[in-house]
Amino acid sequence: MELKDELPLDHELAKVYRWGAAFCGVVLLVFGCLGLADQLSPFDTNGGQIAGMSTNGALSLISVVVGLALVAGGVIGGNFASTLNLGVGTLFLISGFVHVFILDKGANVLDFGMTNVIFSFVMGLVILTFGMYGRVSSRLPHDNPYWRRRHPREAAAEAAADRALHAGSPTAIAQSVASKALGAGSE
């Protein structure tokens with residue numbers, strides 16, 4: 001299964017991806033806009049504080065850009081939002097790990113403090129959770145498009161049985177029960 005596989009337009013998972021991306025994007029936009037409103041120097045490491053976290057102009061600008069990207073992902077929705085959430089969440093976690101090691105060093109040009117590192121880890125996990133929701137699990141429901149892509153034979157058998165069931169034939173009913181039992185055993 002590829003990350004680019006498309007969800008049906010009306011699938012419930014698309015709402016989770018859309019709202020998750022938009023929510024996290026708005027949080028980052030607010031943080032970034034507050035930093036830009038304070039007219040902080042781009043690479044100042046003197047400890048300007050916004051919402052309990054240290055920041056500078058460069059970090060504020062990065063926050064605005066990433067926030068806009070997540071809001072755009074929320075507007076587009078679907079698998080694009082999910083994949084964007086996966087990528088951005090991973091970058092947040094990597095950023096948290098990198099900044100743990102450079103907190104008190106000259107390489108800390110974004111003026112990260114420990115609260116920023118914790119925020120980066122928490123926000124990364126939240127964004128990743130929104131991106132992976134319904135894609136990664138050992139017990140995906142059979143109507144989930146990701147389950148269908150991972151189990152094409154069982155999905156085809158279930159779809160054929162359901163079509164025949166709607167036609168009303170007794171043989172189809174027996175096939176439907178058998179295919180559902182087969183599908184439950186293959187998880």
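Predicted model: local features only at pLDDT ≥ 70, side-chain atom pairs only at ≥ 80, totals over all residues.
View 1. As a reminder, a disulfide is a covalent bond that links the sulfur atoms of two cysteines. Take a look at C24: this residue is buried, and its relative accessible area is 0%. C33, on the other hand, is partly exposed, with a relative accessible area of 42%.

**View 2. Helix α4 from end to end.** Helix α4 takes in residues 114-132, which makes 19 residues. Just after α4 comes G134, whose phi is positive, at about 80°.

**View 3. The buried residues of α4.** Which residues of α4 are buried? They are N116, V117, S120, M123, G124, I127, L128 and G131. These residues cover an arc of only 135° around the axis, so they sit on the same side of α4.

**View 4. The largest pocket.** Rolling a probe the size of a water molecule over the atoms shows where there is empty space left. Here, the largest pocket has a volume of about 320 Å³. Its lining gets two or more residues from each of α1 (13-37), α2 (57-76), α3 (78-101) and α4.

**View 5. The lining of the largest pocket.** In total, 16 residues line the largest pocket, and L59, I62, F92, S95 and F112 are the ones that lie nearest its centre. What's the lining made of? It divides into 12 nonpolar residues, 4 polar and no charged.

Conventions: Residues numbered from 1 in each chain as written. Heavy atoms only, no water. Helix = DSSP H or I, 4+ residues; strand = E, 2+ residues; numbered from the N terminus. Expected span 1.5 Å × (residues − 1). Buried < 20%, exposed > 50% of the residue type's maximum accessible area, 1.4 Å probe, protein only. Arc of directions from axis to C-beta. 1 Å grid on protein atoms, 1.4 Å probe; cavity = no way out; pocket = protein on both sides within 12 Å on 5 of 7 lines; lining within 4 Å. Points joined across faces, edges and corners; volume = space filled by probe spheres on them. Nonpolar A, V, L, I, M, F, W, Y, C, P; charged D, E, K, R; others polar.
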